[in-house]
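This report describes selected features of one protein structure. Headings mark the topics.

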Amino acid sequence: MRALACPRQLPKAGLSCHRMSDTLRVACVQLTSRDDKAANIEKAEQLVARAAATGADVVVLPEKWNAIGNPEVLYGAAEMLEDGESVQAMAGWASTHGITLVGGSITERREGRDKLSNTSIVFDSDGSIVGLYRKIHMFDVEVGGHVYRESDAEEPGDEPVVLDVDGWPTGLTVCYDVRFPELYRILALHGAHLVTVPAHFTLYTGKDHWELLLRARAVENQYYVAAAAQIGETLPGRLSYGRSLIADPWGTVVALAPDEETVISAELDRRRLEEVRSKLPSLASRQADAYRWPTPTP
């Protein structure tokens, strides 16, 4: 775990402890990305501006907002963090609008590695990178008559991340991660009050599992969850579910996107989180010494 929130030691990426404000306005961008990187950047720029106009302190983009496609497309669109076109665009949007931007995720090319990383990058209001997270869980499944093999082009990350976002300790995750509650509990135990979930959920799984999983993660860990999603036909014949949402620590959905490219926003209130944790102290009631990981059988 790195990039821990105040008052613990922060990373060298330039984070500083902010005043712990009681409220935070968060906006999620929902769009339809395809394989045209320039068109995706142009569209995202407009929606980020629209999100900032809601008064948002933090704007969250969806997973792979700058390019979606087969491995050839992903390799062609992949960027180094130092000079990437999408990275520079996100830095500019953050500084122009004076927001913290959780840059959904993009495919990252890393020196000396054959495979790409699915990377969520966070920019402060000066446009500086203040943290990043590389998606841990690869989406290798067969659902709705389609096979998805994320690991064909990408490798998993290996480190949970919580960082300080405008005084709110914020955990970073991406899409398929939401099916792994142990990751979200780790983020809670490292102090998260908000977790972001940029996603590209399939229509087939989304209609049954999307809201259920997001609300469950919020209820279990008693924090806010902000999930920005892809919507519509991002790949030929493969529909994404959309329905970006923001859930509070009780699991109540406080903002929900319609089925179109759009922006949603909500004001998060730390007093709400503290009230839930005080009255139903499930995190405080944990019995850590009683929990054991099962020993694998040969």
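In which helix does Ala-216 lie? Ala-216 lies in helix H5, where helices (H or I, at least four residues) and strands (E, at least two) are DSSP runs numbered from the N terminus.

## Basis of the report

The structure is a predicted model, in which local features need pLDDT of at least 70 and side-chain atom pairs count only at pLDDT 80 or more, while totals for chains, interfaces and linings use all residues. Residues are numbered from 1 along each chain as its sequence is written, and side-chain values use heavy atoms, with hydrogens and water left out.

## Helix H5

Helix H5 covers residues 203–221, and its 19 residues should span 27 Å at 1.5 Å a residue; the expected span is 1.5 Å times one less than the number of residues. The C-alpha atoms at its ends are 26 Å apart, in agreement with that value. A kink of about 50° is centred on His-209, the bend at a residue being the angle between axes fitted to the seven residues ending there and the seven starting there. Just after the helix, Gln-222 adopts a positive phi of about 55°.

Several residues of H5 are buried, namely Thr-205, Gly-206, Trp-210, Leu-213, Leu-214, Arg-217, Ala-218 and Asn-221. Buried means under 20% relative accessible area, exposed over 50%, and partly exposed in between (1.4 Å probe, protein chains only). The cover over these buried residues includes helices H4 (181–189) and H6 (270–279), together with strands S7 (140–143), S12 (224–227), S14 (238–241) and S15 (245–247). Ala-216, by contrast, is partly exposed, because its relative accessible area is 24%. Its C-alpha atom is separated by 23 Å from that of Val-59, which is 157 residues apart from Ala-216 along the chain.

Thr-170 belongs to strand S10, which comprises residues 168–172. With 1% relative accessibility, Thr-170 counts as buried. Leaving aside residues up to four places away in sequence, Thr-170 touches Val-161, Val-162, Leu-163, Val-165, Leu-194 and Thr-196, contact meaning heavy atoms within 4.5 Å. Thr-170 and Asp-289 are 119 residues apart in sequence, and their C-alpha atoms are 26 Å apart in space.

Asp-166 occupies the loop between strand S9 (161–165) and S10. Although not a glycine, Asp-166 has a positive phi of about 50°, and its relative accessible area of 22% makes it partly exposed. Cys-175 lies in the loop between S10 and H4. Its phi is also positive, near 45°, in a residue other than glycine. At 6% relative accessibility, Cys-175 counts as buried.

A further loop, between H4 and strand S11 (194–196), holds His-193. This residue counts as buried, because its relative accessibility is 12%. Not counting residues up to four places away in sequence, His-193 touches Trp-168, Pro-169, Tyr-223, Tyr-224, Arg-270, Leu-273 and Arg-277.

## The cavity

Rolling a probe the size of a water molecule over the atoms shows where empty space is left. On a 1 Å grid over the protein atoms alone, a cavity is a set of points where a 1.4 Å probe fits but cannot get out; a pocket is an open set with protein on both sides within 12 Å along at least five of seven lines, and lining residues have an atom within 4 Å of a point. Grid points are joined across faces, edges and corners, and a volume is the space filled by probe spheres set on the points.

One cavity of 30 Å³ or more is found in the whole structure. The largest cavity holds about 60 Å³ of space. It is lined by Phe-139, Cys-175, Tyr-176, Arg-179, His-200, Phe-201, Thr-202 and Thr-205.

The largest pocket has a volume of about 500 Å³. Of its 25 lining residues, Lys-64, Gly-69, Tyr-148, Arg-149 and Leu-235 are the closest to its centre. Helix H2 (71–77), strand S8 (146–149), strand S13 (231–235) and S14 each contribute at least two residues to the lining.

For the second largest pocket, the volume is about 250 Å³. Its lining consists of Glu-182, Arg-185, Ile-186, Leu-189, Arg-286, Ala-288, Tyr-291, Arg-292 and Trp-293.
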